[in-house]
Structures are given as structure tokens and as C-alpha cells.
Amino acid sequence: MSSPKKNEKQTVIQDVLEKPSSRRSFLKGASIAMAAGSAALATGCMATGDTTTSEEMKLRWQEYFKKHYRLMTAEEKKETVKRLERLAKIQNDLDVQIGTDPPIENVLYGYAFNISRCEGFMECVAACVKENNLDRKTNTQYIRIFEMEPGKLDPSTGDGQFYHKVPVENKFYMGVQCFHCENAPCIKACPTKATWREPDGIVVVDYNWCIGCRYCQAACPYFGRRFNWSQGEVPKEELTTKQHYLGNRRRPKGKMEKCTFCIQRTRKGRLPACVEACPTGSRVFGNLLDPESEIRFVLEHKKVFRMKENIGTEPKFWYFID
């Protein structure tokens, strides 16, 4: 191959690698690179002296053709996370560990929120942002706290954007996030089956199969879904490196995101970050199938209610008062 043609091919491949891309644009760009004579692309044997670039291209190629998470074998999941960890190292010099911990047997997660105790401090929001590597540029938040008037129990009637000293006299606070419904409208609305409910009750998203149509966001009656308009920006020193494939790993641009009950923590027997950070003990999380759990105590001994119970979504998120 003549030198000009070789340089042209290399330029096309570099464009594919360096420009932010969706699945569609990546495949289009990659096909151009193939047409430029890079038949060795699929095997990773690119005619270049830059071995790191060649490895990255090979990894990204394999990444774009992987199966839906639910169809992967255990070995394929293992290879997938190895690939993602290596890409994080090559692209951003990050040392991350991505887990694929499955649901724990005889566990069904539930969450309760004490509206008589929350004082609107927002530590839960900050902990969630940090733990789940949420985009700092757009200030993405999975949790919202509403400041409410007495007698009102619908967060849409409250103030979800207050910026003043809390608590305020004669006000109370309600937290809202994904409620992990048993009959989740978001699951029914998804045209690519990119979202589903796991056996432990956690509703998850396969970010690579989500097409960003936002049907799930429109279907959710609880403000639980977020669309990421750009690749998330997280300072390297603030990144949570212990991750889960279905949780806080780096999400591609143009996908739907949501609370996952901190799947990377809870499947290891830990509490969600928001529960751990709450300074007033307003948040309770646990196994609904365990009669000795705190969540069961709350449900059996406190005055509880669920939001919009009449629409039949069966959220696994309760509000209660002391």
C-alpha cells in the first residue's frame, strides 16, 4: 500500500476512535474504515505501529457486537467486564473493577422513607451522585427531595428546587427516586427490552441496548428515569471504581439512567449510599422476605402508604410516619 493511502486509512480509523459516537455512528464509521482497506480490523491486526490504538479499536469493535446482558453466558459476562475495564484504562487511565454479582437467593428488596423525620439536608442526594458516578456537568440526580406543605402528599405539589436553610418550620420533606415497581410501566414501554426487573426486585437497564427513545421516562409515573444528554463527566479523583455492569459503570451518551438501589453495594450485603448517608435515619432498606428485617418492622408497625397506589404499579417504596 502506498504511503498516502495508508495515511488516509489511518486518519479514518483515528476519527472513528476519537469522536464520541453512538452505536449507529460507530458502526457507520467502522464500515468506512473497513472500506478503506482495513480488512484486518475485525481481528485487531491493524497495520499500525500504535499497538494501544489497535487494541482499543479491537475492544470497541467487540463491545459494539456483544449480546444483550440477559443472553450472555457467565463466561461472556466475564469477558465483557474484562474488556470494559481494559477500555477504561486505555481511554482514561482508570483502574475500575466491574462486577456482575447476580441476585441473592431469597431476597426481595424494599425501601421505606420516614416523612416525619427527613429534614431536607440532601446528604442522600450527594451520596447518590458520588456513588453512582453521575454527570457533574449536567448535575444529574437520581434522587429528588421535595419541600411540602402540611396536608399535601403528592410531590408534584411541592418545591423540588429549594435553595435555603433547612428545615423550614411548618414544612416537611419527601424523597422521590425509582420505586422499582412490581408492575413497572417503564418495562412495558421499552421497545428493545433494555429494561427489566431482576429476581431481587431491582429494575435495571442494559445501557448498551437502550436506544434512548425515552418511552420509559414518559411511562414512569414517579419521576424515576433520567436521560443523559452527554457523556458523563466525573473528576478522576471522585470516581467510584467499585462498579456493577447494571449499575454505576460509565454510561454511554444518549441512554436512560435511574436508581438501581445501588446494585453494586446491595448485592454485596451493603446498604444503598443514600441510606448510609442519611443523618436523620429517615431511610430504611432491606429484604422484604426476611421477617426480622427493619423494612418488615416498618411495614408491620408504622403508618405506611405508597404513592399513586390506585394505578396498580405496586412500587416497592413506602412512605411512613412515626
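**Entry 1: His244**

I looked up His244 and found it buried, with a relative accessible area of 0%. Buried means under 20% relative accessible area, exposed means over 50%, and partly exposed is in between, with a 1.4 Å probe and protein chains only. The model is a predicted one, in which local features need pLDDT of at least 70, side-chain atom pairs count only at pLDDT 80 or more, and totals for chains, interfaces and linings use all residues. Residues are numbered from 1 along each chain as its sequence is written, and side-chain values use heavy atoms, with hydrogens and water left out.

I placed His244 in strand E8, residues 242-244. Helices (H or I, at least four residues) and strands (E, at least two) are DSSP runs, numbered from the N terminus.

What does His244 touch, leaving aside its neighbours within four places in sequence? I listed the contacts (heavy atoms within 4.5 Å), and they are Tyr69, Ile98, Gly99, Thr100, Asp101, Arg249, Ile263, Gln264 and Arg267. For Asp101, I noted that its backbone oxygen lies 3.0 Å from a polar atom of the His244 side chain. I also checked Val81, which is 163 residues from His244 in sequence and 9.2 Å from it in space, C-alpha to C-alpha.

**Entry 2: the sheet**

I traced an open sheet of four strands in the order E10-E2-E12-E11, with mixed pairing. Two strands pair if DSSP finds at least two bridges between them. Strand E10 (283-287) and strand E11 (303-305) are the edges, each pairing on one side only. Axes are lines fitted to C-alpha atoms, for helices over the stretch in contact, and angles run from 0 to 180 degrees between N-to-C directions.

Helix H10 (residues 294-301) packs on this sheet and touches E2, E10, E11 and E12. The direction of H10 makes about 110° with that of E10.

I then followed E2 (residues 109-114) and E12 (residues 317-321), which run parallel and are joined by four bridges. Opposite Tyr111 I found Phe317 in E12.

**Entry 3: backbone angles**

I found a cis peptide bond between Val166 and Pro167, with omega about -5°. Pro167 lies in the loop between strand E3 (144-148) and strand E4 (172-176).

Asp93 is not a glycine, yet I read a positive phi of about 55°. Asp93 sits in the loop between helix H4 (74-92) and strand E1 (97-99), and is partly exposed at 41% relative accessibility.

Met122 also has a positive phi, near 75°. I located Met122 in the loop between E2 and helix H5 (123-131); at 29% relative accessibility, Met122 counts as partly exposed.

Definitions and conventions
A polar contact is a pair of N or O atoms within 3.5 Å; within protein, one must be able to donate a hydrogen and the other to accept it, and residues adjacent in sequence count only if both atoms are side-chain atoms.
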